[in-house]
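Subject: The structure, and notes on what was found in it

Hello,

My notes follow below it.

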Amino acid sequence: MRVDGRDVVATPGISVAAALLAAGIVVLRRSPAGDTPRGAFCLMGVCQECTVLIEGRAERACMIAVRDGIAVSLRGPHAE
Amino acid sequence: MKVDLAVLGAGPAGANAALAAAGHGLSVAVIDENAAAGGQVWRAPAPSVTRDDADARDGAALREKLRISTVEHLDSATAWLIARDDAWRVDVARHGRSETVTADALVIATGAHERVMPFPGWTLPGVIGLAAATILLKANGVLPGQRTVVAGCGPLLSLVAASILKAGGTVAAVVDLASRAEWLGALPALAARPDLLARGALWRARIAAARVPVFHRHTVIRAEGTERLGAVRLGRVDAEGRLVPGAPEVAIAADALAIGHGLVPDTAATRLLRLRHRYDAASGWVAARDGTLAGSVARLWLAGEVGGIGGAAVAALQGRLAGLAAAQALGRSAAAAEAAQLQAGIARAGRAAAAMSWMMRPRPAMAGGITPETIVCRCEDVPRAAIEAAIAAGARDLNQVKQWTRCGMGPCQGRMCGEAAASLLAPHVGGRENVAPWTGRPPLRPVSADDLLGDFDYADIPIPAPAPP
Ligand SMILES: Cc1cc2nc3c(=O)[nH]c(=O)nc-3n(C[C@H](O)[C@H](O)[C@H](O)COP(=O)(O)OP(=O)(O)OC[C@H]3O[C@@H](n4cnc5c(N)ncnc54)[C@H](O)[C@@H]3O)c2cc1C
Ligand code: FES
């Protein structure tokens, strides 16, 4: 995967959320209202905590499978 | 797309409903936002994961049956709107655009999601759901962390702890709201399911062999850390889930906490349709259905956990029953004998399932562990104190709490905070059964505006001639 421009080794076919966790990347975003760190929580597509940019689209990382070279950005609109 | 029957959800319930109806000659579309059928318990493992347990086999068999059937499987399809005009209409976002499925009959089989009662620190990265951990382990082959505390209630505790150990991980502790005696009391109801008993015994043996400390009648008081989880603090509770004052606390270093307090039926679709719901002590608010699983409006059936937590075996049988009922209602001859057989099977399997969902129930005094600063609504960062302030100012139902505080207004649409908000409101209105769930609103799941617009182009908008000046 390309995570914010960096290469991260991941197993193809597992969810992007699982791959990030396996790579030690636990903090995925900050909450918009309180600015507190958040990571994947329900892993079944319900809580929306794992929402990141995948190939430029806001997606739930737990619902998208890793494929070769998939681009993931954790720097959402609230990062800068 | 136009079909006889649309089925929402391709878990054990929905997939079996689709197969049964197609077997009796209906044209069927089954809609699910996952890439493969199976739902939660039979979720398809990634190609890198090799498994040969009963759930993996059942899931693979189900997917094979679907593949060779006439059922149209709309995978990776998020249903965001359901409505009824002359026929049922389900709008789904799929592959970057929205499409409409119309159908004469509808089966809703949206299953359940997890309940996690809030506690200080539960928003820290590294804290995940207990059922969530089963997905990591079973479908992805990934451990929740280096050292995991497994906490909450119900049979998933031993399943998750044993799976972590089997995968070579470390379980720092198992923290169970239930006492040993409560577990022993649940055993007789499992007599009809020797397979479940044997699995449970195997999990416990693995946990004991690894000398994992097991804390019965304990709960997580707090998850500690700044940017991510570093430690978990435990305390003793009574049978109602109330912290025992003065009991010593235990701190355990851990980088992962898998915690869950049972399952909540996903009634977003049934609430959107304004169906009749009822309160059930073990499952909470569920969509009401009769003995043939018909919902409170015509040509609609409710299969699986959307109508009450019952486990995979019950969900699968209910799915078949709903599929048969739909086929019969649309004029196909379905054998009455099969329906009776299915109903008997559901009653048999239901006993073990009821015992397990009882072990998973949230304990009545658990809301006491939510401190005033604890975030209840994760999406909108609403603390308990804000909800209490709204209640003190007169909010008397969940919708009012939502309008007052934004609790439940974020992208999860109240799925993560609904149970906690309801239990904070309950003592003010005479109990949980008096706290009706949020009013259902579209979209059922967040959907991107791009998907709704599809290939829409501004240049295509017909612009009327300007009015004369
Ligand atoms: C995360 C999780 C893990 C679990 N693990 C186990 C386990 O290991 N063992 C066990 O015995 N039980 C487990 N359970 C219990 C499980 O819920 C039942 O055993 C069984 O899966 C219920 O079947 P079902 O068909 O009713 O619902 P589900 O299996 O939940 O299927 C419902 C399906 O509907 C889909 N859906 C819902 N809304 C929409 C929408 N708007 N658009 C598109 N699709 C939608 C969902 O994606 C899902 O695939 C688990 C539950 C959860 C929540
Ligand atoms: S972790 Fe909850 S939606 Fe992905």
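In this predicted model, 34 residues of chain A are in contact with 43 residues of chain B, where contact means that heavy atoms lie within 4.5 Å. The size of an interface is often given as the accessible area lost when the parts come together. Between chain A and chain B about 2800 Å² is buried, and carbon and sulfur atoms account for 60% of it; buried area here is the accessible area, found with a 1.4 Å probe, that two parts lose on being put together, summed over both. On the side of chain A, the residues A:Phe41, A:Met44 and A:Val46 supply 24% of the area that this chain buries against chain B, more than any other three residues.

The rule also finds 5 salt bridges across the interface of chain A and chain B, a salt bridge being a side-chain nitrogen of Lys or Arg within 4 Å of a carboxyl oxygen of Asp or Glu. The side chains of A:Arg30 and B:Glu227 meet in a salt bridge, at 3.2 Å from N to O. There are 10 residue pairs in polar contact between chain A and chain B, both residues at pLDDT 80 or more (a polar contact is a pair of N or O atoms within 3.5 Å; within protein, one must be able to donate a hydrogen and the other to accept it, and residues adjacent in sequence count only if both atoms are side-chain atoms). Helix 1 (16–22), strand 4 (37–38) and strand 6 of chain A each supply at least two residues of the side of chain A that touches chain B, and helix 1 of chain A gives the most, with 3 residues; helices (H or I, at least four residues) and strands (E, at least two) are DSSP runs, numbered from the N terminus.

Within chain A, an open sheet of 5 strands has the order 2-1-7-5-6, with mixed pairing, and two strands pair if DSSP finds at least two bridges between them. Its edge strands are strand 2 (6–7) and strand 6 (57–60) of chain A, each of which pairs on one side only. Strand 1 (residues 2–3) of chain A runs antiparallel to strand 2 of chain A, and 2 bridges join them.

Over all chains, a search of the whole structure finds 37 salt bridges. In one of these, A:Arg29 and A:Glu49 have their closest N and O atoms 2.7 Å apart. Because A:Arg29 lies in strand 3 (residues 29–30) of chain A and A:Glu49 in the loop between strand 4 and strand 5 (51–54) of chain A, the pair ties together parts that are 20 residues apart in sequence.

Chain B is divided into domain 1 (2–113 + 264–334), domain 2 (116–261) and domain 3 (370–434), with bounds that come from an automatic or database domain assignment. The C-alpha centres of domain 1 and domain 3 of chain B lie 30 Å apart, and 6 residues of domain 1 of chain B are in contact with 5 residues of domain 3 of chain B. About 560 Å² is buried between domain 1 and domain 3 of chain B, 56% of it from carbon and sulfur atoms. In domain 1 of chain B, B:His113, B:Tyr279 and B:Trp285 lose the most area to domain 3 of chain B, together 65% of what that side buries. The count between domain 1 and domain 3 of chain B is 1 salt bridge.

Residues are numbered from 1 along each chain as its sequence is written, and chains are lettered from A and ligands numbered from 1 in the order in which they are written. Because this is a predicted model, local features need pLDDT of at least 70 and side-chain atom pairs count only at pLDDT 80 or more, while totals for chains, interfaces and linings use all residues, and side-chain values use heavy atoms, with hydrogens and water left out.

Best wishes
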